[in-house]
Amino acid sequence: MLRRPRRNRKSEVIRELVVETRLSKSDLIFPLFMVQGTNIKQEISSMPGIYRFSTDKLMDEISECVDLGIKTFCLFPAFDEKYKDKYATISYDPDNFYLKTIARIKKEIPQACIMTDVAMDPYSSDGHDGIVENGEILNDETLEVLGKMSLAQAKAGADILGPSDMMDGRVEHIREMLDDEGFTKVSIMSYTAKYASAFYGPFRDALDSAPKSGDKKTYQMNPANVREALIEAELDEMEGADILMVKPALSYLDIISELSQTSNLPISAYNVSGEYAMIKAAHQKGWVDGEKAMLEVLLSIRRAGAKIILTYFAKEYAKLNQ
Ligand code: PBG
């Protein structure tokens, strides 16, 4: 035998020499859930180790993560039902706790990079990402709300906006609104290929944001499609997105790979709540080694072509790699 591939696996040192993919703490974004109030740190039952934080506790969590080497955080608010309405009006009220918390983080922990979520669902009495009229999700009317929400988040000090609603034309609309008001430095990480997925279940528990009727299939993509993701990517690039995201990650590694080959923009992937919950549940049952599964999963997303990974494992990973 002239060729023996096992020679390149014979020791730890050789394996490290020939390794093709590396993961680093600086590739990770940690999504965090927020609630109004003080002294609250509530575990989400379907996401062991992940909490809803009130502002004071969130500040502690962010400081701790920054010290561990996690620098970017994607913040999601859980609003009480009484604040929700058809038009998500509270989302751009400068006095809402989400916007006030962003401003406080940027002031007190300036080294933290803050990404926001731009979509109506946590603020909407219908639980949808857009305005609902007669059972239909309106596109262009929703853009107006997204524009106001984006501007309010930029004013609060957000570094990166993450439009996650899958409305047509949102990146262009948001970019224009931001630039007109002088926020040319605020980045847009577009949820470019976001699929109508069963893996968002625990997230909707965390935010209490499940749609009150119907599903999200008229705006989120069909899991069967890959060519459509290329159209979304082309549009987001033209409209001024800085980073393109694929979501979920694990059932969509081919989409990540495809976009990383066809676009020159950085690609990110969202390792979503259901993907996290599955590993945690199997670990708790003693059916898989959760830590090893986490490392393998994160590496697979990186290998597929994502430079950036949004993951609930971020803090755990950072603790393991101090
Ligand atoms: C909503 C939004 C969702 C997630 C991020 N932003 C859920 C949805 O579209 O219903 C899911 C994240 C996760 O499951 O971890 N705009």
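## Meet the ligand and its surroundings

Of the 18 residues around the ligand, those that come nearest are Lys194, Arg204, Lys247, Ser273 and Tyr312. Please keep in mind as you look around that this is a predicted model. The ligand sits in the largest cavity, and there is also a largest pocket, with about 340 Å³ of space. Here is a short tour of both places.

**Around the ligand**

- The shell around the ligand is made up, by class, of 8 nonpolar, 7 charged and 3 polar residues.
- Tyrosine 312 has an N or O atom in its side chain that is 2.6 Å from an oxygen atom of the ligand.
- Serine 273 places a polar side-chain atom 2.7 Å from an oxygen atom of the ligand.
- On its own, the ligand has 410 Å² of accessible area, and the protein covers 100% of it.

**The largest pocket**

- A lining of 13 residues surrounds the largest pocket, and Glu16, Val19, Thr21, Arg22 and Leu299 are the ones that lie nearest its centre.
- By class, this lining divides into 6 nonpolar, 5 charged and 2 polar residues.
- Two helices, α1 (12-17) and α10 (290-304), each supply at least two residues of the lining.
- The largest share of the lining comes from α1, with 3 residues.

How values were computed. Residues are numbered from 1 along each chain as its sequence is written. This is a predicted model: local features need pLDDT of at least 70, side-chain atom pairs count only at pLDDT 80 or more; totals for chains, interfaces and linings use all residues. Side-chain values use heavy atoms; hydrogens and water are left out. A residue is near a molecule or strand if one of its heavy atoms lies within 4 Å of it. A polar contact is a pair of N or O atoms within 3.5 Å; within protein, one must be able to donate a hydrogen and the other to accept it, and residues adjacent in sequence count only if both atoms are side-chain atoms. Accessible areas come from the Shrake-Rupley method with a 1.4 Å probe; for residues, only the protein chains shown count as cover. On a 1 Å grid over the protein atoms alone, a cavity is a set of points where a 1.4 Å probe fits but cannot get out, and a pocket is an open set with protein on both sides within 12 Å along at least five of seven lines; lining residues have an atom within 4 Å of a point. A molecule sits in a cavity or pocket if more than half of its atoms lie within 2 Å of its grid points. Ala, Val, Leu, Ile, Met, Phe, Trp, Tyr, Cys and Pro count as nonpolar, Asp, Glu, Lys and Arg as charged, and the others, Gly among them, as polar. Grid points are joined across faces, edges and corners, and a volume is the space filled by probe spheres set on the points. Helices (H or I, at least four residues) and strands (E, at least two) are DSSP runs, numbered from the N terminus.
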